[in-house]
Amino acid sequence: MTATEQSPGLRAGAAAGTTAGRDVIPLRQATRAWFAISWQTFGGPAGQIAVMQRALVEDKRWIGQQRFNHALSYCMLLPGPEAQQLAIYTGWLLNGTRGGLIAGSLFVLPGVLTLLALSVLYVAFGSTAAVTGVFAGLAPAVVAIVGQAVSRVAQRSLTHPLLIALAATSFAALALFSVPFPAVIAAAALAGWLIARYKPDALKPPGGHGADDGPAPLIPDDALHHEQPSRRRTWRILAIGLLLWTVPVAAVAVLTGTGSVFTTQGVFFSGTALVTFGGAYAVLAYVAQQAVQTYGWLSAKDMVSGLALAETTPGPLIMVVQFVAFLGAYHNPGSLDPWAAALLGALLTTWVTFVPCFLFIFLGAPYIERLRGNRRISAALTGITAAVVGVIANLALYFAEHALFTDVDDKNLGPLTLALPDLTTLRPTALVITVIAALLIFKLRWSVLRTLGVCAVLGLGAALVGLPGL
């Protein structure tokens with residue numbers, strides 16, 4: 001249902017529903033929307049946030065830009081994949097706990113299934129040329145999609161020169177000086193607070209309902225979610241979440257032994273789920289070192305192949321840990337059949353990686369909702385929102401460099417750390433697909449899904465005829 005199809009009755013009911021406990025959108029309709037979104041989540045966090053931004057904020061008008069930004073700012077503070085956490089948060093706003101569970105689960109399901117299938121092909125045949133060609137065609141398309149996302153999010157979030165400067169500073173800190181992500185977010189929160197204190201007009205939203213002056217969103221910016229934070233609710237969710245998180249690990253420890261590959265993987269990846277601040281790239285170097293050198297689950301070549309597959313499948317990039325666990329369990333099956341062991345290791349690792357995301361959101365979201373009325377906290381989150389634009393732009397640059405060039409080297413020039421592509425390793429076919437995708441997105445205004453479909457066919461065709469530079 002688009003904004004033009006929403007009746008006044010539905011819109012009034014939605015506003016009341018955020019306080020009375022009713023679904024803002026019928027659950028079946030929301031489920032269909034999340035299912036459609038889940039198959040478009042290519043391109044890492046930037047691309048995934050772009051898809052939700054376009055579908056939920058711009059097309060359907062289910063949630064306003066300020067609420068979307070507020071939720072994103074909170075998710076950026078948490079360990080784990082922020083895009084999936086944003087889906088859980090938004091699903092919770094629309095349909096309560098059921099909505100959050102459905103949105104978060106569907107968000108990762110296509111990636112789980114796709115990467116599982118590719119893992120089977122990788123182990124069984126050692127080559128996935130045709131399948132990889134399809135996803136290699138998608139990677140350049142995401143460059144154009146993410147570029148559009150940066151532009152649109154910036155237009156709606158950077159409403160004052162000071163916020164533009166904050167976004168640019170955040171981008172430079174990450175792209176040029178390799179400042180740790182938590183430090184950038186902390187500085188942005190402090191900057192937002194200082195701007196609110198000394199230049200409060202800079203944080204006032206522009207008039208109208210957004211940059212496009214479209215219909216008012218179904219969830220008004222001033223409405224509070226019906227679910228009240230309480231100590232009883234907090235302890236209940238914490239107990240349920242910890243049980244769901246730890247019981248599978250305890251079960252495999254009892255059934256296969258504390259020294260089995262499954263127990264080791266369950267404990268190891270439970271730990272990495274708590275330290276993935278700043279996106280998957282911040283922790284993947286550590287995962288690769290431990291998986292290859294310490295545990296011997298796979299080779300360095302396997303790790304690079306897994307990262308390439310995860311880069312071009314839907315869902316969070318941290319999904320690569322499923323590939324790592326699949327190969328590790330396959331090579332160390334114990335008394336199980338290798339294929340059964342690989343499936344068990346992959347699914348257990350996926351479980352312990354993503355269950356914490358639900359726990360963090362369901363615990364914190366009701367408190368974060370109430371903090372929207374706190375001017376100091378709101379100002380800090382506004383600063384983080386501006387910094388997020390710079391973060392997304394930095395991710396977009398990273399993805400573009402690695403999609404269009406084979407080799408990207410880090411150059412240290414004093415305090416500067418520049419990721420410079422080797423121009424001689426330009427992928428001409430990928431560049432052509434990127435240009436085509438940009439024309440479809442910006443000029444012809446094609447949908448994301450339609451554009452991805454065309455680029456997937458182009459990538460497959462290029463792989464089958466053996467074109468260079470894909």
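Glutamate 369 and arginine 67 join their side chains in a salt bridge, with an N to O distance of 2.5 Å. The model is predicted. This pair ties together distant parts of the chain. Glutamate 369 lies in helix H14 (residues 338–370) and arginine 67 in helix H4 (residues 65–76), 302 residues apart. Both glutamate 369 and arginine 67 are buried.

Side chains of opposite charge can pair when their charged atoms come close. A search of the whole structure turns up two salt bridges. Aspartate 23 and arginine 98 also meet through their side chains, at 2.8 Å from N to O. Here too, distant parts of the chain are linked. Aspartate 23 sits in the loop between helix H1 (8–20) and H2, while arginine 98 belongs to helix H5, 75 residues apart. Aspartate 23 counts as partly exposed because its relative accessibility is 29%, and buried would mean under 20%. Arginine 98 has 47% relative accessibility, so arginine 98 counts as partly exposed.

Two packed helices are described by the angle between their axes and the distance between the axes. Helix H2 (residues 27–38) and helix H5 (residues 82–125) have axes that come within 9 Å and cross at roughly 35 degrees. Their crossing is right-handed. H2 brings Leu27, Ala30, Thr31, Trp34, Phe35 and Ser38 to the contact. From H5, the contributors include Ala87, Gly91, Leu94, Arg98, Ile102, Leu106 and Pro110. By class, the contact of H2 with H5 holds 11 nonpolar, six polar and one charged residues.

Definitions and conventions
Residues numbered from 1 in each chain as written. Predicted model: local features only at pLDDT ≥ 70, side-chain atom pairs only at ≥ 80, totals over all residues. Heavy atoms only, no water. Axes fitted to C-alpha atoms, helices over the stretch in contact; angles between N-to-C directions. Helix = DSSP H or I, 4+ residues; strand = E, 2+ residues; numbered from the N terminus. Left-handed = near helix turned anticlockwise from the far one by under 90°. Contact = heavy atoms within 4.5 Å. Nonpolar A, V, L, I, M, F, W, Y, C, P; charged D, E, K, R; others polar. Salt bridge = Lys/Arg side-chain N within 4 Å of Asp/Glu carboxyl O. Buried < 20%, exposed > 50% of the residue type's maximum accessible area, 1.4 Å probe, protein only.
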